[in-house]
Amino acid sequence: MLKIQSLAFSYDDGGFHLQIPEFIMKPGERVAVIGPSGSGKTTLLNLISGITIPERGTIVIDEEEVNRLEDQARRRFRLRNIGFVFQDFELLDYLSVLDNILHPYRIGGVLKLDRSVRERASRLASRLGVADKLQRYPGRLSQGERQRVAICRALLPKRKLVLADEATGNLDPENKIRILDLLFESAGEQDAALLAVTHDHELLTRFDRVVDFRLFRGENSG
Ligand code: ADP
Ligand code: MG
């Protein structure tokens with residue numbers, strides 16, 4: 001499903017280098033990523049999703065070598081295949097909650113918005129406890145609500161891979177468990193693999209595997 005080999009990446013300012021000799025995920029596998037702040041977890045998710053491009057190495061997702069695609073093709077590949085819950089949510093302030101959730105269907109011309117999608121959106125919003133917020137703008141939501149909207153947007157399209165960057169970080173214990181259940185359930189329904197960065201050590205036993213990021217020799221000299 002996902003195969004990373006001989007990956008190397010540095011930011012332009014040279015302050016941070018990431019090296020991953022090999023990392024493999026099977027279809028449907030649920031992997032947790034842990035590691036100290038600044039160790040490169042978000043950087044890795046950006047590389048996997050093709051938001052950033054590695055200096056060396058390959059990232060293959062479902063037999064497509066993502067790092068070799070042109071910008072536009074990479075964006076379309078991401079829209080079609082990868083759900084991403086960003087650490088800072090990246091909701092669009094000028095769109096209502098509903099329009100944020102449906103946004104992936106309105107860009108790139110890759111995903112088709114039909115009635116069944118709208119119905120699923122409203123079910124998902126209910127499950128996530130934001131159904132009564134659909135007409136609001138993100139600026140008028142709490143952190144936890146924004147996070148749940150971001151999760152809703154990432155889970156609505158059916159995809160092969162879901163990346164979640166501290167997706168339970170801003171939630172109370174009860175919501176953490178609910179959201180994790182939902183992440184697992186959505187990933188399971190779609191037979192998607194789930195790669196989740198988390199600091200919630202009490203949740204780790206629920207994953208198939210835990211990867212400690214320090215093993216990737218992320219090296220911070222800056
Ligand atoms: P984590 O998600 O594990 O907390 P990040 O991947 O966000 O870590 O960051 C890893 C390192 O790269 C940090 O030292 C951070 O300061 C640095 N970094 C992150 N984004 C950039 C950027 N756009 N330009 C330069 N350095 C960056
Ligand atoms: Mg991070």
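The chain has 6 helices and 10 strands, where helices (H or I, at least four residues) and strands (E, at least two) are DSSP runs numbered from the N terminus. Its radius of gyration is 17 Å, close to the 17 Å that the globule rule gives for 222 residues, so the chain is as compact as a globular protein of that length. The radius is taken over C-alpha atoms, and the globule rule is 2.2 Å times the number of residues to the power 0.38. Along its principal axes the C-alpha trace spans about 45 × 40 × 35 Å.

This is a predicted model, in which local features need pLDDT of at least 70 and side-chain atom pairs count only at pLDDT 80 or more, while totals for chains, interfaces and linings use all residues. Residues are numbered from 1 along each chain as its sequence is written, chains are lettered from A and ligands numbered from 1 in the order in which they are written, and side-chain values use heavy atoms, with hydrogens and water left out.

Of the 222 residues in the chain, 52% are buried; buried means under 20% relative accessible area, exposed over 50%, and partly exposed in between (1.4 Å probe, protein chains only). The chain exposes about 10800 Å², of which carbon and sulfur atoms supply 45%. Such areas come from the Shrake-Rupley method with a 1.4 Å probe, and for residues only the protein chains shown count as cover. A contact means heavy atoms within 4.5 Å. Among contacts between residues at least 6 apart in sequence, 72% join residues at least 24 apart.

The text now turns to the ligand. Ligand 1 is surrounded by 12 residues, the closest being G38, G40, K41, T42 and T43; a residue is near a molecule if one of its heavy atoms lies within 4 Å of it. This shell divides into 3 nonpolar, 7 polar and 2 charged residues. In that division Ala, Val, Leu, Ile, Met, Phe, Trp, Tyr, Cys and Pro count as nonpolar, Asp, Glu, Lys and Arg as charged, and the others, Gly among them, as polar.

Polar contacts, which are pairs of N or O atoms within 3.5 Å (within protein, one must be able to donate a hydrogen and the other to accept it, and residues adjacent in sequence count only if both atoms are side-chain atoms), join the ligand to the chain. A side-chain N or O atom of K41 is 2.8 Å from an oxygen atom of ligand 1, and a backbone N or O atom of G40 lies 3.0 Å from an oxygen atom of the ligand. A polar side-chain atom of Y11 lies 3.4 Å from a nitrogen atom of ligand 1. Taken alone, ligand 1 exposes 570 Å², and the protein buries 63% of that.

Helix 1 (residues 41-48) supplies the largest share of the shell, 3 residues. This helix is mostly covered, with 7 of its 8 residues buried, among them K41, T43 and L44. After helix 1 comes G50, whose phi is positive, near 80°.

N81 belongs to helix 2 (residues 71-81) and counts as buried because its relative accessibility is 6%. Leaving aside neighbours within four places in sequence, N81 is in contact with R159, K160 and L161. S186 lies in helix 6 (residues 173-189) and is buried, with a relative accessible area of 7%. Not counting residues up to four places away in sequence, S186 touches L124 and L155.

The loop between strand 6 (82-85) and helix 3 (97-102) holds F89. Phi of F89 is near 70°, a positive value in a residue other than glycine, and F89 counts as buried at 5% relative accessibility. E90 lies in the loop between strand 6 and helix 3, and its phi is positive, near 55°. At 42% relative accessibility, E90 counts as partly exposed.
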